[in-house]
Amino acid sequence: MKTCLVVDDSKVIRKVARHILETLNFAVSEAADGREALDHCMATPPDVILLDWNMPVMSGMEFLRALRESSIADKPKVVFCTTENGMAHIRAAIEAGADEYVMKPFDRDTLESKLQIVGMA
Amino acid sequence: MASQATPQASPPASPQAIAVLTRLLEARTGQQLASARAWRIDTALRPLMRLRALETLDQLVHLLLGGQEAALSDQIVDALVNNETSFFRESPVFDSVVEATTALEGEGRRARVWCAGCSTGQEPLSLAMLFAERRDKTGRGMPEILGTDVSEGVIHRARQGRYSQFEIQRGLPIRRAVTWFDGDASGEWIAKPELLRHVAYRPLNLMGEGWPIGRFDVILCRNVLLYLSAEAKALMFTRFAEVLRPGGLLVLGAGETVIGQTDRFQPSARVRGFYEPVVGGGRAVA
């Protein structure tokens, strides 16, 4: 079973994402900010990370840069999942090492499609 | 105090009204609407009914049969045709199409690819992206890509190359989205002219008289034939065989096959999952 870490400061979004991911046969864990996510990744690197952009403590972009410089740099696929839908944000995310990008709001089909693109579904 | 109106569901359509609508769809497009999918009729035609302040499908059918609105039958067919599509749907197929086309291209001859039943254009644009990437990598020229659909409405949309955020996220990798599309203030994504110009779109009824569109190296007709009657399918296979160039290939949807449907095509020995005309084939299986 593949593992997915959902990183979002919204409990509601985490719950919705967890529900969809579990129907796609993922084992899901959660983190409420980038710092918590980084600690989780160092202890147990997931196969894929669903990552929000704007979060307290450590943003999604700060987390992604730190992850890609860490000892597990290339291990998890990172799919940004954010309301930041502008082209400049998307380009910045790709440049920082994001593998895919989901623009909120999203549904099951969208998420499944993006996970397929990164080879995880 | 005014009483509050309670929204009420519209009464179910009569079997006669459903029969008129399904017969119209089949006569125009060959598509059959299975009884299990009859629920789609009300949903699909609701916008047309709303425009005319009609409450029931029977009223819409009455208007249709009255003949006062010349365009109404076209609009009903447009609404009933299943336009489900997405970018890179069943994605491995697209790489195979590019490989097969590359093998078929002669020296200096431009290949022709036809997406029959292309809906709003995601399939031909997916191919155009791959061929443009091949061009940038190898210097090979672009093939001619034709997209056709029975619905003038979806061809109009395809020509515009505008996609909602929902549509752009289904199947299209984000790197290709930012390379080949521009975002606009409304949240829509618009195919760049340098991509869009590689696809020619035309309305075309596959059941219509003659296909004045020339011959092709590869024909994609995916998830179209499954809605057709056995007779209509047999006719399609015969006509596809006639417009394929020697060595040409037919690509069907994942749930579709030629086996048991026609003797005009057989599974291709060159490309797994594709079909090629049978030399000397000509008898349709009823």
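Which elements do the buried residues of α5(A) pack against? In this predicted model, where local features need pLDDT of at least 70, side-chain atom pairs count only at pLDDT 80 or more and totals for chains, interfaces and linings use all residues, they pack against α1, β3, β4 (77-82) and β5 of chain A together with α8 (165-169) of chain B. Residues are numbered from 1 along each chain as its sequence is written, while chains are lettered from A and ligands numbered from 1 in the order in which they are written.

Chain A holds 5 helices and 5 strands, where helices (H or I, at least four residues) and strands (E, at least two) are DSSP runs numbered from the N terminus. Along the sequence these elements follow the pattern β-α-β-α-β-α-β-α-β-α. The C-alpha trace of chain A spans about 35 × 30 × 25 Å along its principal axes. Of the 121 residues in chain A, 40% are buried. A residue is called buried if 20 or more other C-beta atoms lie within 10 Å of its own, exposed if 12 or fewer, and partly exposed in between, with C-beta atoms placed from the backbone. Among the contacts in chain A with a separation of 6 or more, 61% join residues 24 or more positions apart; two residues are in contact if their C-beta atoms, placed from the backbone, lie within 7 Å.

Helix α1(A) comes next. This helix (residues 11-23) has 13 residues and reaches 19 Å from its first C-alpha to its last, close to the 18 Å expected at 1.5 Å a residue; the expected span is 1.5 Å times one less than the number of residues. Its buried residues are A17(A), I20(A) and L21(A). They lie on the same side of α1(A), because they cover an arc of only 95° around the axis, the arc being that of the directions from the helix axis to the C-beta atoms. The cover over these buried residues includes β1 (2-7), β2 (26-31), β3 and α5 (108-117) of chain A. On the other side of α1(A), exposed residues include K11(A), K15(A) and E22(A). Just after the helix, N25(A) takes a positive phi of about 70°.

In α5(A), the buried residues are T110(A), L111(A), S113(A), K114(A), L115(A) and I117(A).

The loop between β3 (48-51) and α3 (60-68) of chain A contains D52(A). This residue is buried, with 27 other C-beta atoms within 10 Å. Not counting residues up to four places away in sequence, D52(A) touches V7(A), D8(A), D9(A), G60(A), C81(A) and T82(A). An unreviewed UniProt entry annotates D52(A) as "modified residue: 4-aspartylphosphate"; such annotations may be inferred rather than shown by experiment, feature names are shortened, and positions are given in the numbering used here.

In chain B, L60(B) is found in helix α3 (residues 57-66). L60(B) counts as buried because it has 24 C-beta neighbours inside 10 Å. Its contacts, not counting residues up to four places away in sequence, are L45(B), L48(B), M49(B) and L54(B).
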